[in-house]
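Q: I'm new to this structure and would like a close look at a single part. Could you walk me through the place where the ligand sits?

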Amino acid sequence: MKTIIEPFKIKSVEPIKFTTRDERERILKEAYYNVFLIPAEEVLIDLLTDSGTSAMSADQWAGIMKGDESYAGARSFYRFEKKVRELTGLKHIIPTHQGRAAERILFSIVGGKGKYVPNNSHFDTTRANVEFSGAEAVDLPTEEGKRPEVIADFKGNMDVPSLEAFIKKVGRENIPLCMITVTNNSGGGQPVSMKNIRETKSVCTKYGIPFFLDACRFAENAYFIKKREPGYANISVKQIVQEMFSYADGATMSAKKDALVNMGGFLAINDDKLATSARNLLIVTEGFPTYGGLAGRDLEAIAQGLDEILDEHYLQYRIRSVEYLGEKLTKAGVAILQPPGGHAIYLDAKRILPHIPPGEYPGQSLVAELYRVGGIRAVEIGSVMFGKYESDGQLIPARMELVRLAIPRRVYTQSHIDYVIEVVVETFEKRQALKGYEIVEEAPMLRHFTAKFSPMN
Ligand code: F0G
């Protein structure tokens, strides 16, 4: 087998800026050791997120020129609607400016106090929108999904027996819908099997609960199904995607991931009444139903991106390039959440820095050091992001202390990734010298975006 290469050539480039270690030390200090506060220009390789950071293709840029900017009934909307319907089979296709806007509209209609929304694992904005409505967001991952060192094919799965037990416990009338997130981002970018989607749907049908997909990374999930699930090897990714959605009564989507665009999303639903309420709310807060907070050109780029994402050469390269990073780090002894996910590698800071207790934020220490050593920006997904406090001020740490290296789509080449590997390994070799951090200032909610840190002595 030959090297799996980037299935594209580069037509337009964006220079990246090199800094010295001394400069980075100063920049880190000025940003209070919070990489969200570092200007992106001072970052060499930006692995903060795979969301909205994709490189668009020539055809997508051509679509940008062709965008129809009519307020109502734009041609671009119909192209977008047709494409989304072709993949999802869903009846009502409602554009939104990004994923969380779809979530907000959906949960402000179906959520509310006393309601529960189960999911394999909610992403933070999904959880926030469920909880903002007064409802409770419930994560039901499988046991293997909770263990970073376990290697298994579908660690993103929903724990179906727990779901059924949960429905019986709280009552089906208190569950407006059940969700599965593909791939499971909070659980390490891990895929969900078709079997698991089918079984979840069947429990939902038994109790009359609508089943929704949080579909951000649907194509990456479908590719894993093709590679790992018996019976799917000879079926096209497009057909796998169509089967995944065939079980869904609705879906929310951030097009900033698997639609290969910088902005956009949608809410897709079968229920006519729910769709009417959603469109009414959309008009108040996003825009008219044929643009929903987007420009016509954005809708063109999404429609084109949804075609390109199904290219199996692209998906092979995509999944392999993330796996390559994971493989090399594992070989060097760096503990990562296993196996490599679809869009990111998650370093296991708890195992890499056992000398730094959760209260001194080992993930944050690793994030700061990756920037210091190599100008790489990663994100802490641990007690900074998910830590809570007891009433006496004691920290309740997160279950895992992870550092996510999210790979933007079609942006970095293998030599960029080789450089990332060198920086991570160099940091790992000096791990004993790393120190913890304390938080000196923080916001009451979503503190990781703005918190200020100071290194411990
Ligand atoms: N659902 C999942 C699974 C996500 O990963 C995200 C965003 C959203 C919903 C919300 O979409 O940003 O368009 O409003 N995830 C990004 C990330 C931010 O870095 O993982 P959005």
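Predicted model: local features only at pLDDT ≥ 70, side-chain atom pairs only at ≥ 80, totals over all residues.

A: S254 does something you can look at next: an N or O atom in its side chain is 2.7 Å from an oxygen atom of the ligand. Then there's Q98, with a polar side-chain atom 2.9 Å from a ligand oxygen atom. As for how covered the ligand is, it exposes 470 Å² when taken alone, and the protein buries 93% of that.

Now step back to the whole shell. There are 17 residues around the ligand, and the ones that come nearest are T49, R100, S254, K257 and R404. So what kinds of residues make up this shell? Eight are polar, seven are charged and two are nonpolar. If you'd like a helix to look for, pick α4, which covers residues 99-110. Helix α4 gives the most to the shell, with three residues.

While you have the model open, here's a helix pair to look at too. Helix α3 (residues 75-88) packs with helix α9 (residues 237-246) at an angle of about 80 degrees, their axes 7 Å apart. That angle is why α3 and α9 count as roughly perpendicular to each other. On the α3 side you'll find E86, L87 and T88, which meet K238, V241, Q242 and F245 of α9. Sorted by class, this contact has three nonpolar residues, two polar ones and two charged ones.

Terms used. Residues numbered from 1 in each chain as written. Heavy atoms only, no water. Axes fitted to C-alpha atoms, helices over the stretch in contact; angles between N-to-C directions. Helix = DSSP H or I, 4+ residues; strand = E, 2+ residues; numbered from the N terminus. Parallel < 35°, antiparallel > 145°, perpendicular 65-115°, else oblique. Contact = heavy atoms within 4.5 Å. Nonpolar A, V, L, I, M, F, W, Y, C, P; charged D, E, K, R; others polar. Near = heavy atom within 4 Å. Polar contact = N/O pair within 3.5 Å; in protein donor to acceptor, adjacent residues only side chain to side chain. Areas by Shrake-Rupley, 256 points an atom, 1.4 Å probe, with all protein chains shown as cover.
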